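Colleague: I want to learn how to read helix packing and a core. Please take me through a case.

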Amino acid sequence: MTSEKAHLFETDLEKPISERMEVEYGETRATDEPFKAGRKVSFVANEEIKPEYGPGEIKGPDAIPSEEYKENLINLLEMQADSELAGALGYVPCIRYAPTVEEYLAAAMITKDEFRHARVCYKLLEYLGEDVDARMREHDFTLRIDADDANIGTSRVAADKRVNIFYYPIPTWTDFIMFQFCMDRGAGHQLEDSLESSYRPWAKVMEGIFKEEMFHIAHGDSWVKRLAADPKTHDQVQAALNKWFPRTMNIFGRPNSKRNKVYRRLGLKKRDNHEVRLAFAQEVQERCQEFGLEFPQWVPDWERLPEEAVVVG
Ligand SMILES: [Fe+2]
Ligand SMILES: [Fe+2]
């Protein structure tokens with residue numbers, strides 16, 4: 001974990017929730033203002049792929065250089081938008097599990113953030129000519145599998161493009177905070193690359209989204225820490241970690257994927273799928289040590305992992 005990230009965890013944890021209630025919608029259309037890349041990613045790709053376009057170089061829909069670029073960009077944005085929306089809908093029932101008034105507010109705000117992320121990503125897709133209303137009619141983003149203990153491995157269960165972890169239900173408050181500890185953290189690692197995306201409107205909106213994801217992670221961390229330290233809840237937290245950690249490890253795609261190399265060549269991603277997975281796993285391991293939890297096993301099934309890492313929300 002970078003020290004910058006550590007700092008974000010601390011400051012966000014200490015901030016009163018009211019300070020975070022400002023809604024920043026942000027402008028998603030391309031502008032001519034100078035582009036400032038978000039922040040440096042924590043790892044650089046082991047196999048150097050020279051991007052054809054630098055961070056923020058493609059200023060907006062009218063500057064899209066090729067069909068290939070457009071197609072790959074739309075694919076990434078659809079995966080993120082669908083995941084943000086499915087994630088928000090999955091969080092809705094969790095608001096009711098909150099143990100205190102302050103936590104009702106925190107859970108509702110986190111859910112609101114995810115709807116905002118979805119809205120911003122779908123807006124980018126509309127500017128690229130996609131019919132978002134038709135997409136809403138076509139898919140059921142509230143769909144969840146029934147059994148909490150089911151293992152769908154790496155498969156999707158419907159035709160939308162959400163990351164498959166969003167098909168699992170989140171049945172308790174412990175699952176809710178563990179979802180933030182694992183999945184929001186995984187998403188944060190993936191989204192780091194988009195902060196320097198060559199498509200400027202995407203990179204711009206990622207600044208706000210990334211900050212909010214850091215708050216979600218900090219919320220999960222503070223709860224996991226507290227519940228792990230209490231002998232009455234320790235085992236429950238460990239069991240939730242053992243359930244959600246392998247599910248999160250499955251989201252990153254296969255190492256050395258061909259599609260990932262195309263994304264990197266187009267400046268839409270920076271790192272190999274497995275590098276992102278390792279950065280995530282390392283951070284979870286550090287947190288486990290700190291909170292007195294056992295780092296869970298994950299046995300990769302490389303053949304069944306989706307080749308493509310999915311952009312998550
Ligand atoms: Fe989140
Ligand atoms: Fe999100």
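Colleague: Which residues have the most contacts inside the largest nonpolar core?

Modeller: Met178, Val224 and Trp244, in a core of 61 residues. A nonpolar core is a set of buried Ala, Val, Leu, Ile, Met, Phe, Trp, Tyr and Cys residues joined through C-beta atoms within 7 Å. Buried means 20 or more other C-beta atoms within 10 Å of a residue's own, with C-beta atoms placed from the backbone. This is a predicted model: local features need pLDDT of at least 70, side-chain atom pairs count only at pLDDT 80 or more, and totals for chains, interfaces and linings use all residues. Residues are numbered from 1 along each chain as its sequence is written, while chains are lettered from A and ligands numbered from 1 in the order in which they are written.

Colleague: Which element gives the largest share of this core?

Modeller: H2, with 11 residues. Helices are DSSP runs (H or I, at least four residues), numbered from the N terminus.

Colleague: What is Val224 in contact with, leaving aside neighbours within four places in sequence?

Modeller: Contact means C-beta atoms, placed from the backbone, within 7 Å. Val224 touches Ile177, Met178, Phe181, Val237 and Phe291.

Colleague: How do the axes of H2 and H3 cross?

Modeller: Axes are lines fitted to C-alpha atoms, for helices over the stretch in contact, and angles run from 0 to 180 degrees between N-to-C directions. Here the axes come within 8 Å and cross at roughly 155°. H2 and H3 are therefore roughly antiparallel (angles over 145 degrees).

Colleague: What follows H3?

Modeller: Gly129, with a positive phi near 90°.

Definitions and conventions
Helix = DSSP H or I, 4+ residues; strand = E, 2+ residues; numbered from the N terminus. Buried ≥ 20, exposed ≤ 12 C-beta atoms within 10 Å, placed from the backbone. Contact = placed C-beta atoms within 7 Å. Parallel < 35°, antiparallel > 145°, perpendicular 65-115°, else oblique.
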